Amino acid sequence: MLESTEQLQLNLIRSHATGYGKPLEPAKARMLLALRVNVLAKGHSGISLENLEKLIDAFNAYCVSYVPEQGTVGCSGDLCPLAHLALGLLGEGQMWSPSTGWAPASDVLKHNGLRPIELSYKEGLALINGTQLVSSIGSLAVVRAENLAKQADVIAALTLDVLKGTTRAFDAKVHKVRPHKGQNLVAGRLRALLHSDLNRSEIAESHRHCGKVQDAYTLRCVPQVHGVTHDTIEFVKELLNIEINSATDNPLIFSDVEEIISGGNFHGEYPAKAIKNKYN
């Protein structure tokens with residue numbers, strides 16, 4: 001009975017490892033592994049401590065599986081890419097490590113002093129059920145977007161300075177009466193950049209008393225335009241932060257009350273919808 005159970009778990013992984021295309025970059029595959037470890041460590045997935053520790057050892061050794069870029073669906077969780085992730089940890093398919101490059105998974109594990117995972121009840125399903133691919137790639141996109149948005153604010157400040165614009169439109173009183181968080185964040189950042197006592201702008205000083213009433217939309221509406229971008233990024237960031245720290249298996253195990261409940265936490269609509277709306 002145990003032998004057939006172990007074979008079933010192995011078959012689940014092999015049958016779902018059907019992706020295609022180039023592999024994820026090792027850094028992205030390692031992000032995927034990190035998020036899967038985080039989910040399994042919550043204790044609702046039904047994986048043994050021994051196998052969880054093997055995943056952590058692989059992460060620490062920077063040993064990552066060959067995970068094709070194409071093939072996931074999302075509405076049923078990231079079954080395909082997570083199956084490829086698990087396949088390498090089983091010693092099958094290809095893996096990558098800094099000391100070996102791409103090579104047979106069994107050789108990479110052995111070279112790094114690691115042992116393949118061995119599956120028992122539910123453990124195959126525990127390794128492939130979740131939203132970790134869309135969440136990991138989405139998290140990377142959010143970090144990049146956040147950095148770009150900050151850079152855009154700095155560029156806007158430089159643009160206003162060289163065009164001899166006025167900072168009156170960024171007055172705190174103006175934005176206090178329309179208290180969108182992002183709008184006020186950008187206005188405050190522009191004031192900090194353009195009113196710095198430590199880095200006074202000679203250009204700004206040259207026209208400080210010119211009497212100009214207002215600038216073009218493109219200058220005075222920067223807090224309103226950039227602000228909503230910051231707010232949108234913050235919304236996606238908050239959603240993904242919840243997602244990457246959630247139990248996304250099915251079924252879920254609640255050992256404290258000795259219950260196993262089938263549900264739909266594997267569905268990728270939350271991260272997919274947020275990322276699609278923001279970045280497509």
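1. Start with leucine 109, which sits in helix H5, residues 105-111. Keep in mind that this is a predicted model. Leucine 109 has 2% relative accessibility, so it counts as buried, the cut-off being under 20%.

2. What does leucine 109 touch, leaving aside residues up to four places away in sequence? The list is Gly88, Leu89, Gly91, Met95, Leu114 and Pro116. As for lysine 42, it is 67 residues from leucine 109 in sequence, and the C-alpha atoms of the two are 25 Å apart in space.

3. Met95 takes us on to the strands. Methionine 95 stands opposite alanine 103 in E5, and methionine 95 is also one of the residues that leucine 109 touches. Strand E4 (residues 94-97) and strand E5 (residues 101-104) run antiparallel, with four bridges joining them. Together E4 and E5 make a hairpin, with three residues between them.

4. Now for a helix pair. H2 (residues 26-40) packs against H7 (residues 132-162) with their axes 9 Å apart and at an angle of about 120°. That angle makes H2 oblique to H7. The crossing of H2 past H7 is right-handed.

5. Which residues make that contact? From H2 come Lys28, Met31, Leu32, Leu35, Arg36 and Val39. H7 brings Gln132, Leu133, Ser135, Ser136, Ile137 and Leu140. Sorted by type, the residues of the H2 contact with H7 are seven nonpolar, three polar and two charged.

Methods
Residues are numbered from 1 along each chain as its sequence is written. This is a predicted model: local features need pLDDT of at least 70, side-chain atom pairs count only at pLDDT 80 or more; totals for chains, interfaces and linings use all residues. Side-chain values use heavy atoms; hydrogens and water are left out. Axes are lines fitted to C-alpha atoms, for helices over the stretch in contact, and angles run from 0 to 180 degrees between N-to-C directions. Helices (H or I, at least four residues) and strands (E, at least two) are DSSP runs, numbered from the N terminus. Angles under 35 degrees count as roughly parallel, over 145 as roughly antiparallel, 65 to 115 as roughly perpendicular and the rest as oblique. A crossing is left-handed if the near helix is turned anticlockwise from the far one by less than a right angle, and right-handed if clockwise. Contact means heavy atoms within 4.5 Å. Ala, Val, Leu, Ile, Met, Phe, Trp, Tyr, Cys and Pro count as nonpolar, Asp, Glu, Lys and Arg as charged, and the others, Gly among them, as polar. Two strands pair if DSSP finds at least two bridges between them. Buried means under 20% relative accessible area, exposed over 50%, partly exposed in between (1.4 Å probe, protein chains only).
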